[in-house]
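Good morning, and thank you for the time.

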Amino acid sequence: MTGVEKALQTFYSMKLSDIMPPIISMPIVTLDSPIVNVLKLLRTRHHVWVVNDRESMKLEGVIRYLDVMCILLPPETTKARLGNISAVFKSILGGAEKAADVMERNIMTIDEDSTVLDALTKMRRYKVQILAIVDENNTLKGEISLRLLIDEFLRLIKVGGVQWTRHGSSSPWE
């Protein structure tokens, strides 16, 4: 087994709870947070988690960067979709005022005891780049993104002294 293969095996078996960032660094708002506060966070983040309150941290939804278009557009420029909250009601001009009014309620989550392999498999299956990490009570414990997984893998091969060379190339992958 090569060094890269060993690094991948270690990587796959790592627990998400061991590599997720501290919850204090995550973009989180409550259901009653004003949309302006959400927009301020979305200037520098790709998503914002919505919890019922800061004490219990029960995960209620997510607002993604691309959702801002529906929030800012006039209601007549968007079409209602069956089965979802209509984009009309997600518009500021349509009456949306709080995070609860614009959040997506269908959230991709993963258990806090899951492994990196579990997360990668779920991300690929559902074509998402970020998962909320929750406990059995749906309490938000953290998040894991493809970017964080890439960073962790690169850290792991660097710490392990593994040099990965591209086939047919003499330059190491860094």
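Predicted model: local features only at pLDDT ≥ 70, side-chain atom pairs only at ≥ 80, totals over all residues.

On one side of helix 6, Arg124 and Arg125 are exposed, where exposed means over 50% relative accessible area, buried means under 20%, and partly exposed lies in between, using a 1.4 Å probe and protein chains only. Helices here are DSSP runs of H or I with at least four residues, strands are runs of E with at least two, and both are numbered from the N terminus. The other side of helix 6 from these arginines is where Val116, Ala119 and Met123 belong; these three are buried. Seen down the axis, the buried residues of helix 6 fall within an arc of 65°, so they line one face of the helix; the arc is taken over the directions from the helix axis to the C-beta atoms.

Residues are numbered from 1 along each chain as its sequence is written, and side-chain values use heavy atoms, with hydrogens and water left out.

What do the buried residues of helix 6 pack against? Their partners are helix 1, helix 2, strand 4 (109–111), strand 5, strand 6 and helix 7. After helix 6 comes Lys127, with a positive phi near 55°.

Let me turn to helix 7. Its buried residues are Leu149, Glu152, Phe153, Leu156 and Ile157. They cover an arc of only 130° around the axis, which puts them on the same side of helix 7. The face turned away from that buried side carries the exposed residues Arg147, Lys158 and Val159. In general, an α-helix has 3.6 residues a turn, so residues three or four places apart point the same way.

Leaving aside its neighbours within four places in sequence, Ile19 is in contact (heavy atoms within 4.5 Å) with Met14, Val116, Ile144, Leu149 and Glu152.

Next is Ser145, in strand 6 (residues 140–145). Is Ser145 buried or exposed? Ser145 is buried, with a relative accessible area of 13%. Its side chain reaches the backbone nitrogen of Leu148 at 3.1 Å. Beyond neighbours within four places in sequence, Ser145 is in contact with Met123, Gln129 and Ile130.

Finally, consider Val4, which lies in helix 1 and is buried, with a relative accessible area of 12%. Val4 and Ile157 are 153 residues apart in sequence, and their C-alpha atoms are 7.2 Å apart in space.

As for the chain as a whole, it has seven helices and eight strands, and 37% of its 174 residues count as buried.

Terms used: Polar contact = N/O pair within 3.5 Å; in protein donor to acceptor, adjacent residues only side chain to side chain.
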